Amino acid sequence: MAASASGLYEKLGGEEAIAKVVDYFYDLVLADETVNHFFAHTDMAKQRQHQTKFISYALGGPNQYSGGAMAKVHAGMNLQPVHFDAIVKHLRDALTHFGVEQADVEQALSKIATLRDDILYK
Ligand code: HEM
């Protein structure tokens, strides 16, 4: 059975499990030329923080960001649907790679999808 969005974080094993998903997601993002250039001047510590917050948000864990903050951190990037979709795909692949059940993957992705308007074209 699928967990609620807020329960997903715990269901997957909390911070330790999330750290593994984060590392994998990060590898996928940086290997993808559609989006890796956005992170060219991002330092590693910040990059890791970005990914951790990102994944935790998707799974209903702590360190959640508001829509307003999302618009602000992505300001000046002029992100397009192709970029957003690539990131979502990598999140899907990372969660699936670690055996997260399909219904839970869909729930995480639908949560991320609600941020779309806050992030695109800023
Ligand atoms: C889809 C939902 C997304 C979420 C939840 C998300 C989340 C975040 C968060 C939490 C931060 C860090 C803010 C901080 O540390 O102050 C951030 C920064 C950033 N995001 Fe995203 N993001 C998303 C999509 C994207 C996309 C599609 C791209 C580009 C392909 C992107 C590229 C970046 C970059 C380059 C930074 C700044 C890193 C730096 O400080 O240099 N994000 N994002």
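In which helix of the protein chain is confidence lowest, and in which is it highest? Color your view by pLDDT and select residues 5-11, helix H1: this is where confidence is lowest, at a mean of 73. Now jump to helix H5, residues 81-97, where confidence is highest, at 97. Keep in mind that you are looking at a predicted model. Across the protein chain the mean pLDDT is 87, and 89% of the residues reach 70 or more. The model as a whole scores ipTM 0.93 and pTM 0.89.

**Last stop: helix H6**

Select residues 102-113 to pick out H6, a helix of 12 residues. From its first C-alpha to its last, H6 reaches 16 Å, close to the 16 Å expected at 1.5 Å a residue.

Show the side chains of Asp-104, Gln-107 and Ala-108, the buried residues of H6. Turn the view until you look down the axis of H6: its buried residues fall within an arc of 95 degrees, so they line one face of the helix. An α-helix has 3.6 residues a turn, so residues three or four places apart point the same way. Finally, select Gln-102, Ala-103, Ser-110 and Ala-113, exposed residues on the face of H6 turned away from its buried side.

Key. Residues are numbered from 1 along each chain as its sequence is written. This is a predicted model: local features need pLDDT of at least 70, side-chain atom pairs count only at pLDDT 80 or more; totals for chains, interfaces and linings use all residues. pLDDT is the predictor's confidence in each residue, from 0 to 100. Helices (H or I, at least four residues) and strands (E, at least two) are DSSP runs, numbered from the N terminus. The expected span of a helix is 1.5 Å times one less than its number of residues. A residue is buried if 20 or more other C-beta atoms lie within 10 Å of its own, exposed if 12 or fewer, and partly exposed in between; C-beta atoms are placed from the backbone. The arc is that of the directions from the helix axis to the C-beta atoms.
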